[in-house]
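Here is a short report for a first look at this model. Keep the sequence and the 3D view open as you read.

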Amino acid sequence: MLFNSFVFVAFLAIVLPLYYGLSHRWQNRMLVVASYVFYGFWDWRFCSLLLLSTLVDYSCGLALSNRPAGQRRNILLVSLAVNLGVLGFFKYFNFFVDSFRALLEPLGLAGAGPALDIVLPVGISFYTFQTLAYTIDVYRGRQEATRDFTGFALYVSFFPQLVAGPIERSTHLLPQLQKVRRVDNAMLASGAQLMLMGYVKKVGIADAVAPYVNPAFADPGAQSAGTLLFSLYLFALQIYCDFSGYSDIARGVSRLLGIDLMINFKQPYLSRDITEFWRRWHISLSTWLRDYLYIPLGGNRVGSFATYRNLMLTMLLGGLWHGAAWTFVVWGGLHGLYLAVHRRLIAGRRRPDLPPAPAGPGEWSAALLRMVLTFNLVCLTWIFFRADTFPQAWAYLTGIVAGDPSLDFAGRVLAFAFFGGIVLLLDVGCWLEDRELPIAPTLPVWVRGVVYAAAFLFLSFVGESDVAPFIYFQF
Amino acid sequence: MRRSSIFSSETLVERPQIAPAVWIALAICVVFRFGVEPLRDLPKADRKEDLYDFRVVEKFFVEDVDELPQVIMLGSSISMYAFVPELLARELSLPETAVRNLPIPGGAPWDSLMLLRRNPKLLENAKVALIDVQPYMLNADYEYAIPDRFYNLASLADAARAEGWSRVRAVANWFWPFVSLRRPMRAWALEIENRREGVVPFKKAAYYPMWHPDATYPRATEAELSEALSAEKHRPANWADLTLGEFDFSERQADALRDLLALLKAHGVAVLIHQPPFHPDFYARAAERPEERQALARYFSFLEEVSGDGVMLQIWKRPAELGFRPEDLPDYGHMPRRLAERYTRTMAAIIREKGWLDAPAAVGMAQPDAR
């Protein structure tokens with residue numbers, strides 16, 4: 001079931017009133033059923049995977065809480081083996097078999113190894129990481145094992161964030177599911193605004209930009225350099241609006257239910273360096289990788305070389321998390337390289353997680369230059385993220401650098417200016433004032449009214465009519 | 001379990017209220033809703049939007065032409081390919097502007113009815129209407145198969161007559177025209193970027209048949225036509241399965257055809273309902289399957305029911321009846337130019353023979369000799 005479908009609107013129209021009328025315990029039961037219905041709309045058979053993950057980690061959590069230290073490690077390994085085994089089978093089996101075949105081909109052993117027709121269950125990477133985080137946190141003693149099975153089942157399957165995040169931590173989401181929720185008008189208003197803005201990003205921008213991007217990547221050799229460059233910029237907008245739009249809708253729906261999900265995006269294209277970019281982009285994944293991979297590898301407390309190695313390993317695996325293809329590994333590798341170089345450049349200097357807004361004209365100029373540079377560096381990596389194969393990525397890259405210089409890309413420049421302008425309008429205020437909602441509650445009432453109407457009209461009459469799935473569902 | 005443990009009002013701690021800013025937004029939307037009503041009729045710039053075909057016909061072949069036609073052709077793409085209008089005009093000794101080919105690709109009687117209702121000037125001087133028919137037009141599965149047209153053109157009464165989800169969407173669209181007023185930014189931007197020279201200002205019009213010299217997109221020579229038209233679904237046997245299999249007779253399209261004929265009759269227009277010859281494989285396939293045979297019989301019996309009383313019915317079942325060879329048809333029934341010329345001359349001969357253009361009014365004309 002897609003957020004941007006009428007079926008989802010109908011689904012929500014049933015779930016919300018029911019939810020408000022039920023007691024806490026029944027709310028959770030109803031939400032579990034609703035979440036399985038939501039997930040089953042793609043393929044009901046995959047609900048069994050969701051249930052398996054729930055049963056395994058619920059049991060492992062309980063087992064971890066009452067076993068001696070010597071056995072705890074084995075229990076954690078069971079959880080890791082089951083979760084990563086399922087993920088590995090569905091997502092990476094053919095990838096590794098194909099890679100293995102490619103390795104054997106020079107030895108004349110082509111054709112070795114089985115190939116299975118495996119359908120990737122939607123959102124499996126997201127809920128696998130979420131359940132794993134719970135078991136690891138219980139193992140580390142940061143989270144108490146829950147005995148509330150319904151609450152835990154809801155933690156794993158909670159429909160707003162089930163298929164594309166944010167990847168929640170049990171320490172943040174589980175307590176909210178286990179207590180009585182309170183919803184006031186401020187929460188309803190902010191939830192509704194998040195949903196509206198999410199839909200504007202997804203339907204009004206991301207889907208509208210796709211027709212520019214798709215032909216450019218389908219046949220980069222046939223495009224001019226300018227067309228390729230601006231299609232790449234447009235893809236940067238598309239992936240941001242598609243994914244952050246989903247996160248906004250997920251957070252908005254959750255807030256209507258009285259549940260607060262973590263912020264997943266904080267105006268990433270206004271980052272002044274790559275480290276800041278990763279503190280603003282897909283925050284729930286980057287912090288997951290930091291806490292459950294980078295730090296256990298030793299983080300930055302193990303000497304320079306090991307720190308760079310850890311950064312690189314973390315980003316390579318982060319790339320692989322996105323998809324079973326070497327292009328994603330290169331995407332992660334490039335980001336690892338950027339982060340390592342940036343770490344080297346700022347060696348020894350302490351800096352806040354998110355630097356404050358610039359003060360004077362000099363700082364502003366420098367900040368703008370750095371934003372443009374960072375944006376272009378990130379765009380370079382998007383080529384590998386979006387391309388299906390290396391030859392395609394290479395053709396795209398060389399096409400930008402040495403392609404046909406004809407000036408046939410005015411439409412794409414206009415589109416980038418238009419859609420980029422809307423993204424800026426949505427993001428700049430939040431960036432300057434470090435706030436969550438694009439339409440500040442401090443604005444005069446009539447201004448808010450006009451902006452709400454403009455957003456709704458834009459969505460109704462300028463947005464795409466075709467229901468396009470969210471890009472991150474495939475991960 | 002006690003009832004009180006299931007239900008509770010503990011979650012909503014306040015009575016939900018609509019904020020003043022939302023009232024303002026609602027007021028703007030209401031004003032917008034009525035203010036933009038005329039925009040419904042703007043042609044859509046995107047070929048993907050199906051209203052585009054209807055509006056191209058309506059705007060560039062009806063609204064922008066001052067001369068009143070005497071002979072109009074209505075129906076589907078079959079008519080688009082079956083007639084050479086300037087040849088028909090010559091054969092009937094009429095000026096070219098007096099013959100107007102106005103079928104809507106993928107059209108059904110409802111579309112033709114809308115075209116005439118919205119453009120009464122088409123009937124002011126009309127003496128003859130040639131309406132092509134084929135089974136899909138009366139199959140409920142194809143009813144409003146082009147929903148974009150339906151949502152744009154339907155009155156509230158039309159919307160209420162649709163069924164199921166179509167009705168919900170159509171009525172909702174009447175109140176908040178989220179389908180009929182939608183113009184995706186992409187469509188406008190792509191149109192600006194990708195302009196093509198062509199016959200009509202909206203450059204990508206596929207209104208002319210592919211063999212026509214003015215066809216802009218897509219275009220095919222006669223030799224290429226078969227390949228261009230014979231998409232899987234348009235192959236004769238597939239087309240039979242698609243349009244006759246699981247045939248659910250559409251009362252709404254049947255009513256639309258009756259209303260269309262009544263409208264033409266009221267204006268004294270002689271009507272020839274015709275079905276050009278289809279590829280023999282179409283009928284062969286239908287003969288193989290009982291449900292398709294029944295569907296075809298239902299279709300023909302309905303056509304007989306509406307014919308008579310000033311409406312002539314002419315159905316050519318075999319290409320040989322008109323001297324065509326089956327292999328001349330590039331798909332189930334669209335014609336290449338050579339056949340279109342012959343078909344046009346045949347139709348001109350019928351019109352001359354019946355004297356429809358001579359009569360001051362067609363009401364009360366001689367009973368047509370059907371088939």
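In what order do the five strands of chain B form an open sheet? The order is β2-β1-β3-β4-β5, and the pairing is parallel. Strands pair here if DSSP finds at least two bridges between them.

## About the model

This is a predicted model: local features need pLDDT of at least 70, side-chain atom pairs count only at pLDDT 80 or more, and totals for chains, interfaces and linings use all residues. Residues are numbered from 1 along each chain as its sequence is written, while chains are lettered from A and ligands numbered from 1 in the order in which they are written.

## Chain B in outline

Chain B has 15 helices and five strands. Helices (H or I, at least four residues) and strands (E, at least two) are DSSP runs, numbered from the N terminus. Of the 371 residues in chain B, 42% are buried. A residue is buried if 20 or more other C-beta atoms lie within 10 Å of its own, exposed if 12 or fewer, and partly exposed in between; the C-beta atoms are placed from the backbone.

Take the contacts in chain B with a separation of 6 or more: 75% of them join residues 24 or more positions apart. Two residues are in contact if their C-beta atoms, placed from the backbone, lie within 7 Å.

## The sheet of chain B

Strands of a sheet pair through backbone hydrogen bonds, either parallel or antiparallel. In chain B, the edge strands of the sheet are β2 (99-101) and β5 (311-315), and each pairs on one side only. Neighbouring strands of this sheet are turned by 15° against each other on average, direction ignored. Axes are lines fitted to C-alpha atoms, for helices over the stretch in contact, and angles run from 0 to 180 degrees between N-to-C directions.

Strand β1 (residues 71-74) of chain B runs parallel to β3 (residues 128-132) of chain B, joined by four bridges. B:V71 has B:V128 as its bridge partner in β3(B). B:I72 stands opposite B:A129 in β3(B). B:I72 also stands opposite B:R100 in β2(B). Three bridges join β1(B) to β2(B), again in parallel. B:V71 and B:M73 point one way from β1(B), B:I72 and B:L74 point the other way, and all are buried.

## Strand β4 of chain B

Is strand β4 (residues 270-275) of chain B largely enclosed or open? Six of its six residues are buried, so β4(B) is largely enclosed by the rest of the structure. B:A270, B:L272 and B:H274 lie on one side, and B:V271, B:I273 and B:Q275 on the other. Both faces are covered.

β4(B) pairs with β3(B) in the parallel sense over five bridges. β4(B) also pairs with β5(B) in the parallel sense, over five bridges. B:L272 is the bridge partner of B:L130. In β5(B), the bridge partner of B:L272 is B:M312.

## Where the chains meet

The contact takes 33 residues from chain B and 35 residues from chain A. On the chain B side, α1 (20-35) and α9 (185-193) each supply at least two residues. The largest share, eight residues, comes from α1(B). By class, the chain B side has 23 nonpolar, four polar and six charged residues. Ala, Val, Leu, Ile, Met, Phe, Trp, Tyr, Cys and Pro count as nonpolar, Asp, Glu, Lys and Arg as charged, and the others, Gly among them, as polar.

## Helix pairs in chain A

The axes of helix α4 (residues 69-104) and helix α5 (residues 124-140) of chain A come within 10 Å and cross at roughly 175°. α4(A) and α5(A) are therefore roughly antiparallel to each other. Angles under 35 degrees count as roughly parallel, over 145 as roughly antiparallel, 65 to 115 as roughly perpendicular and the rest as oblique. The residues of this contact divide into seven nonpolar, six polar and two charged.

Helix α6 (residues 149-157) and helix α7 (residues 170-178) of chain A pack at about 130°, with their axes 9 Å apart. That makes α6(A) oblique to α7(A). From α6(A), A:G151, A:L154 and A:Y155 meet residues of α7(A), including A:S170 and A:L173. This contact has five nonpolar, three polar and no charged residues.
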